[in-house]
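Hi everyone, and thanks for coming. Please have the sequence and the 3D view open while I talk. Here they are.

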Amino acid sequence: MLIRNDKGEFKQQLSMEEMAAHCMQFLDEVNRFMPKPLTHDEYSAMLHKVLPAL
């Protein structure tokens with residue numbers, strides 16, 4: 001997965017697994033906005049489904 005800055009330039013190049021692992025640190029913050037908090041496994045599954053589509 002390629003991360004771009006506001007100028008469209010690449011900032012980082014991460015694998016899908018690296019991006020999912022990076023996002024996992026935000027689970028508590030994500031759950032603040034969820035009607036039903038996600039478990040670690042549910043969030044991981046969601047990331048692996050959504051991230052490839054970005």
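Let me start with a question: in which element of the protein is confidence lowest, and in which is confidence highest? Strand β1, residues 2-4, has the lowest confidence, with a mean of 62. Helix α2, residues 27-31, has the highest, at 97. Where pLDDT is low, the predicted coordinates should not be read in detail. Across the protein, the average pLDDT is 87, and 87% of the residues score at least 70.

Now the layout. You can count three helices and two strands. Starting at the N terminus, the order is β-β-α-α-α. There are 54 residues in the protein, and 20% of them count as buried. As for contacts with a separation of 6 or more, 23% are between residues 24 or more positions apart.

Let's go inside. In soluble globular proteins, nonpolar side chains tend to be buried together. Here the largest nonpolar core has ten residues: Leu 14, Met 19, Ala 20, Cys 23, Met 24, Leu 27, Leu 38, Tyr 43, Leu 47 and Leu 51. The elements that give two or more residues to this core are α1, residues 16-24, and α3. The biggest contribution is from α1, with four residues.

Where does Leu 38 lie? You'll find Leu 38 in the loop between α2 and α3. Is Leu 38 buried or exposed? Leu 38 counts as buried because its relative accessibility is 18%, and the cut-off for buried is under 20%. Leaving out residues up to four places away in sequence, Leu 38 touches Leu 27, Val 30, Asn 31, Tyr 43 and Met 46. Leu 38 also sits ten residues from Asp 28 in sequence, with 8.9 Å between their C-alpha atoms.

Now turn to Leu 27, another member of that core. Setting aside neighbours within four places in sequence, Leu 27 is in contact with Leu 38, Thr 39, His 40 and Tyr 43.

Next, helix α3, which covers residues 40-50. Ala 45 has its place in this helix. With a relative accessible area of 47%, Ala 45 is partly exposed. Ala 45 and Ala 20 are 25 residues apart in sequence, yet their C-alpha atoms are 9.4 Å apart in space.

Together with Met 46 and Leu 54, Val 50 makes a nonpolar surface patch of about 300 Å².

Last stop, the charges. How many salt bridges does a search of the whole structure find? The search finds one. Its partners are Glu 42 and Lys 36, whose closest N and O atoms are 3.7 Å apart. Glu 42 is partly exposed, at 32% relative accessibility, whereas Lys 36 counts as exposed, at 56%.

To recap the tour: a core of ten residues, a patch made by Met 46, Val 50 and Leu 54, and one salt bridge. And please remember the mean of 62 in strand β1 when you look at that end of the model.

Technical notes: Residues are numbered from 1 along each chain as its sequence is written. This is a predicted model: local features need pLDDT of at least 70, side-chain atom pairs count only at pLDDT 80 or more; totals for chains, interfaces and linings use all residues. Side-chain values use heavy atoms; hydrogens and water are left out. Patches are made of residues with over 30% relative accessible area and no salt bridge: like charges are joined within 9 Å, nonpolar side chains (Val, Leu, Ile, Met, Phe, Trp, Tyr) within 5 Å. Accessible areas come from the Shrake-Rupley method with a 1.4 Å probe; for residues, only the protein chains shown count as cover. A salt bridge is a side-chain nitrogen of Lys or Arg within 4 Å of a carboxyl oxygen of Asp or Glu. Buried means under 20% relative accessible area, exposed over 50%, partly exposed in between (1.4 Å probe, protein chains only). A nonpolar core is a set of buried Ala, Val, Leu, Ile, Met, Phe, Trp, Tyr and Cys residues joined through side-chain atoms within 4.5 Å. Contact means heavy atoms within 4.5 Å. pLDDT is the predictor's confidence in each residue, from 0 to 100.
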